[in-house]
Amino acid sequence: MLFWVIAAILTLGASLAVLLPLAGGTKGASSAGEHDLEVYRDQLSELDRDVARGLIQPAEAEEARAEIGRRILRLGAAGQSGPAARRSSMATRLVATAAVLAVPLVSWGLYIKLGSPDLPSQPLTERLAKNPADSSVDELVARAEAHLAANPSDGRGWDVLAPVYLRLQRYSDAVSAYRNAIRLDGDSAARQAGLGEAIANAAGGIVSAEAQAAFESALKQDPANAKASFYLAMGLAQEGRTGEATAAWQKMLAALPPDSPWRGAVEQALADTASKSAAAGAPANGPDAQAVDAAQQMSPQDRQAMIETMVASLDEKLKQNPRDVEGWMRLIRSYAVLGKADQARDALGRAIATFGAGSEEAKKFTAFAATLGLAATE
């Protein structure tokens, strides 16, 4: 009932604010015409007094009377047209009044038909207290967050909330939740794999060194962990080691059960890698078996020289085709892995300069470099 009383008062106030100026329009116009006529009459009386006292010549007085008379005639003509104007103004005011009154009536009718005026208020505390089965995802997350704010040492709570954050794409919150769960309830393959996935997604899908360490820790505890294996192969592909990435995904695909949800992701990754390799003019499966055997038989010094030659070749290709976003990221990571921080920063600076400091690509390069412990140079 209180709702309807308040609504009626507000509607009445709004309607009066519009109707009162409409009602007073004609009175104002009429009083203005009468005032002008009274002024002209006073001017004529004043003119007669000035002539009687000899303050103005008769000829000048006649001219003044004629001008005042013309003004009175114009005022009279306006007065004669006034009824028609008033009728038009009255019609306009009636239409405006009907419109003003129709708006609240129509809106009230629609609200009674479509709205829920009798629905009780739902404060947050009451919504969090209701049955979880009747709660939305946001309400359940809010309930969990409220619980953890009061009980920050509840490792089980962080363990439950972390994958929810991940599905909601709240990656930074997921990273914090996984770390709290590991700190409070101990290490596990699932938690490390989830942590790595959250770190990688927070970095825009880049498998950084920190994410790689989490995935490797997961595989040590569970060699069959599909998530860790998939992301580690993705990291190889991002480094430009497409042959090794392809081999890892193929090995993973052969070991996955037919109903595994990871089969689709692996098959798509293999197809994307093959497509990119074909577009670049390289064999889809990377180096052949002889090349791999030769690399394995090299001394560490020779293998290092071969890697540096490949990185230098990539650097040269980027000078010819500087718009290759993934190529720049592979180059930056390669220099960082080789321990050449100065050259990695130089590559980062060149990549940012190519696309512009304010571009989305530059922001992606900067975020990626930060995961490697690098910062853009001046």
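## A buried arginine

Arg333 counts as buried because its relative accessibility is 4% (buried means under 20% relative accessible area, exposed over 50% and partly exposed in between, with a 1.4 Å probe and protein chains only). Arg333 sits in helix α15, residues 325-337 (helices are DSSP runs of H or I with at least four residues, strands are runs of E with at least two, and both are numbered from the N terminus).

Leaving aside residues up to four places away in sequence, Arg333 touches Val207, Ser208, Ala209, Gln212, Glu239, Phe368 and Leu372 (contact means heavy atoms within 4.5 Å).

## About the model

This is a predicted model, where local features need pLDDT of at least 70 and side-chain atom pairs count only at pLDDT 80 or more, while totals for chains, interfaces and linings use all residues. Residues are numbered from 1 along each chain as its sequence is written, and side-chain values use heavy atoms, with hydrogens and water left out.

## Rings that pair up

Now look for the aromatic rings. Rings of Phe, Tyr and Trp (its six-membered ring) pair if their centres lie within 6.5 Å; planes under 30 degrees apart count as stacked, over 60 as edge-to-face and the rest as tilted. By this rule there are five aromatic pairs. Phe215 and Tyr231 form a stacked one, at 5.0 Å centre to centre with 5° between the planes. Phe215 belongs to helix α9 (residues 209-221) and Tyr231 to helix α10 (residues 226-238), 16 residues apart. Both Phe215 and Tyr231 are buried.

Phe230 and Trp249 make a tilted pair, with 5.9 Å centre to centre and 45° between the planes. Phe230 lies in helix α10 and Trp249 in helix α11 (residues 242-255), so this pair ties together parts 19 residues apart in sequence.
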